[in-house]
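This report describes selected elements of the structure shown below.

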Amino acid sequence: MVEQVKPSFECVGTPQSHLREIVHSSRQVDHEFGNDLDYRVPAPTAAAPVWWIDTEDKHREPAAPDATVETAYGTVDLFDLEAGEDILGVDLENVGIVYKVPLEDDGVGDVRMWDSLGRDDPADWRQLFSKKLPTEGDRVVDNGRIRLMLDDRDGSVDAQEWDPDTEEWTDTGLADDQSADVELLDVDVLEIGMVRVRCQLTFDVAGEETILDAIVHSGRPRVQFTLAPSEDEAIPDSLENWLDPIASTSLVDPVAEKTLVSRSEVRK
């Protein structure tokens with residue numbers, strides 16, 4: 001039987017009708033890599049203007065970045081939500097940012113997930129937009145500052161860092177330092193978002209399973225590892241020591257989400 005389908009597409013918005021918005025539902029995570037509290041969320045440096053937004057009543061105020069970072073895909077500004085909390089005078093949970101950005105710069109700083117297809121040249125990789133798609137090679141999570149390379153076929157994890165001076169990716173040597181008693185058993189892709197990708201990694205550590213969530217955030221130079229909710233034991237020393245060079249020290253996962261907001265909602 002052959003069926004004919006006539007799809008219909010509708011534009012969600014245009015720069016004249018909508019602005020980009022970053023919202024969050026920050027949470028504390030569980031790890032032993034440090035105790036920093038980093039509430040920063042990203043926007044392309046090309047975005048202007050940028051406003052703090054009260055996500056409840058849509059009141060807005062001009063926003064200034066806390067830092068600017070270079071990525072392989074362009075420059076990204078990071079905005080500290082705690083600064084927005086002070087400026088807006090609202091609870092942190094109600095703070096976001098909205099901004100206007102040229103369409104060609106909208107994806108700068110986005111987190112990408114690739115299937116390496118078993119090839120070394122990134123030009124040959126396939127970008128993954130669905131967590132359900134099967135892969136032929138390593139799963140690579142890439143925010144333009146760090147690439148996390150996950151291979152549960154041979155049980156390894158590797159990473160590359162972007163060097164803005166040479167404009168090249170450099171090997172961290174993580175795979176070479178993998179402990180003999182640590183093996184990656186499984187990669188479960190939980191979320192593929194525009195500014196945040198989360199995978200659950202199951203490791204065999206000296207015959208015992210340890211499950212970690214690995215989160216790559218837009219604009220951040222390191223991966224956030226946290227114990228899975230079902231885990232009630234500390235991260236084994238051999239696993240913790242191995243991942244430490246690429247692990248974020250922040251205990252805050254902003255759970256940032258990039259979306260659209262109608263200009264009519266934020267007009268003064």
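Strands β4 and β5 are paired in the antiparallel sense over three bridges. The model in which this pairing is found is a predicted one. Within the pair, W52 has E61 in β5 as its bridge partner.

Both strands belong to an open sheet of five strands, which follow the order β5-β4-β8-β1-β20 with antiparallel pairing. β5 and β20 (257-262) are the edge strands, and each of them pairs on one side only. From one strand to the next, the twist averages 35°.

## Helix α1 and its setting

Helix α1 lies across β4, β5 and β8 and runs at about 70° to β4. The helix comprises residues 81-88, of which L81, G84 and L88 are buried. Viewed down the axis of α1, the buried residues fall within an arc of 50°, so they line one face of the helix.

Just after α1, G89 adopts a positive phi of about 70°.

## The four-stranded sheet

A further open sheet is formed by four strands in the order β15-β16-β17-β18, and the pairing is antiparallel. β15 (182-192) and β18 (224-227) stand at the edges; each has a single partner strand, so one side of each is left without a neighbour in the sheet. The twist from one strand to the next averages 25°.

The partner of β18 in this sheet is β17 (residues 208-217), and the two pair in the antiparallel sense over four bridges. Here A214 stands opposite F225 in β18.

## S248 in its loop

Where is S248 placed relative to α2 and β19? S248 lies in the loop between α2 (237-243) and β19 (252-253). Is S248 buried or exposed? Its relative accessibility is 12%, and because buried means under 20%, S248 counts as buried.

Leaving aside residues up to four places away in sequence, S248 touches H31, F33, R222, V223 and Q224.

Methods: Residues are numbered from 1 along each chain as its sequence is written. This is a predicted model: local features need pLDDT of at least 70, side-chain atom pairs count only at pLDDT 80 or more; totals for chains, interfaces and linings use all residues. Side-chain values use heavy atoms; hydrogens and water are left out. Buried means under 20% relative accessible area, exposed over 50%, partly exposed in between (1.4 Å probe, protein chains only). Contact means heavy atoms within 4.5 Å. Two strands pair if DSSP finds at least two bridges between them. Axes are lines fitted to C-alpha atoms, for helices over the stretch in contact, and angles run from 0 to 180 degrees between N-to-C directions. The arc is that of the directions from the helix axis to the C-beta atoms.
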